[in-house]
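I opened my notebook beside the model today and jotted down what I looked up, one topic at a time. Here are the entries, for anyone who likes to follow along.

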Amino acid sequence: AKSLSNKELKFLLKHIARMNEHFEDCPNTILPRYYFLFRIDRLGGSKANETWAVMDNVNEVPLDVLERYDLKGSPATRTTNEENAVLPGAVLKDGNVKEVKKGVRRLPQVSPWDSRQLISALEGDLALLEEMRSTNYSVFVLITPPRGGAEDEEEEG
């Protein structure tokens, strides 16, 4: 669940029908699917009211996750410090990806098929975001062990 500002709520309500079309047309989308919205009305005036969206949780995958990255469309450099980056379940940020370029970190290779699937999904998603005139995005990336690796071959043999 994610809390929504009034601005985010208005944006979502304006575009939800088009987003649903996109989800049907592009099953490999990496955009989050929204299941429902709800509002909590508290006593004490409208400033105490909260609106929430319930959407996909990308952390709920039946795979071992080696690393998690939360990437935002922001010029600010966000980094998870090294002390926290090594903790189990740590979520790394944009600045940690820059460490990859400097050789401090290494990302695994992506197969050509996975690369084409990801690029195709990104192209469709970016076209939708451009159509909606949205420049605010967040991509949550999970790095998992490669499929068909040495462990899988041992189990088969």
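Entry 1: I began with strand 4, which is joined to strand 5 (residues 91-93) by three bridges, the two running parallel. Strand 4 (residues 67-72) is also joined to strand 6 (residues 138-143), this time antiparallel and through six bridges. For my own record, helices (H or I, at least four residues) and strands (E, at least two) are DSSP runs, numbered from the N terminus. Two strands pair if DSSP finds at least two bridges between them.

A note on ground rules: this is a predicted model, where local features need pLDDT of at least 70, side-chain atom pairs count only at pLDDT 80 or more, and totals for chains, interfaces and linings use all residues. Residues are numbered from 1 along each chain as its sequence is written, and side-chain values use heavy atoms, with hydrogens and water left out.

**Entry 2: Asp-70.** I then picked Asp-70, which lies in strand 4. On one side I found Lys-93 of strand 5 standing opposite Asp-70, and in strand 6 the residue opposite Asp-70 is Phe-140. Is Asp-70 buried or exposed? Asp-70 is buried because its relative accessible area is 13%; the cut-offs are under 20% for buried, over 50% for exposed and partly exposed in between (1.4 Å probe, protein chains only).

I listed the contacts of Asp-70 (heavy atoms within 4.5 Å). Leaving aside neighbours within four places in sequence, they include Arg-78, Val-91, Leu-92, Asp-94, Ser-138 and Val-139.

**Entry 3: salt bridges.** How many salt bridges does the structure hold? I noted six, a salt bridge being a side-chain nitrogen of Lys or Arg within 4 Å of a carboxyl oxygen of Asp or Glu. Asp-70 makes one of them with Arg-78, with the closest N and O atoms 3.8 Å apart. Arg-78 is partly exposed, at a relative accessible area of 22%. Arg-78 also meets the side chain of Asp-94 in a salt bridge, 2.9 Å from N to O. Asp-94 is in helix 3 (residues 94-101) and Arg-78 in the loop between strand 4 and helix 2 (82-85), so this pair ties together parts 16 residues apart in sequence. Asp-94 is buried, with a relative accessible area of 15%.

Salt bridges that share partners also join Arg-18, Glu-21 and Glu-131 into one network. Within it, Arg-18 and Glu-21 have their closest N and O atoms 3.7 Å apart. These two are about one helical turn from each other because they sit three residues apart in helix 1. I put both down as partly exposed, Arg-18 with a relative accessible area of 26% and Glu-21 with 45%.

**Entry 4: the nonpolar core.** Next I looked up the largest nonpolar core, which has 10 residues, among them Leu-4, Phe-23, Leu-31, Ala-53, Leu-129 and Met-132. Helix 1 (6-25) and helix 4 (112-131) are the elements that give two or more residues to this core, and helix 1 supplies the largest share, four residues. Such a core is a set of buried Ala, Val, Leu, Ile, Met, Phe, Trp, Tyr and Cys residues joined through side-chain atoms within 4.5 Å.

Not counting residues up to four places away, Leu-31 touches His-22, Phe-23, Asp-125, Leu-128 and Leu-129. Leu-31 and Leu-129 are 98 residues apart in sequence, yet 9.7 Å apart in space, C-alpha to C-alpha.

Entry 5: Met-132 is in contact with Phe-11, His-15 and Met-19, leaving aside neighbours within four places in sequence. Arg-133, in the loop between helix 4 and strand 6, has a positive phi near 60 degrees. Most residues other than glycine have a negative phi. Arg-133 is exposed, with a relative accessible area of 76%, whereas Ser-134 counts as buried at 17%.
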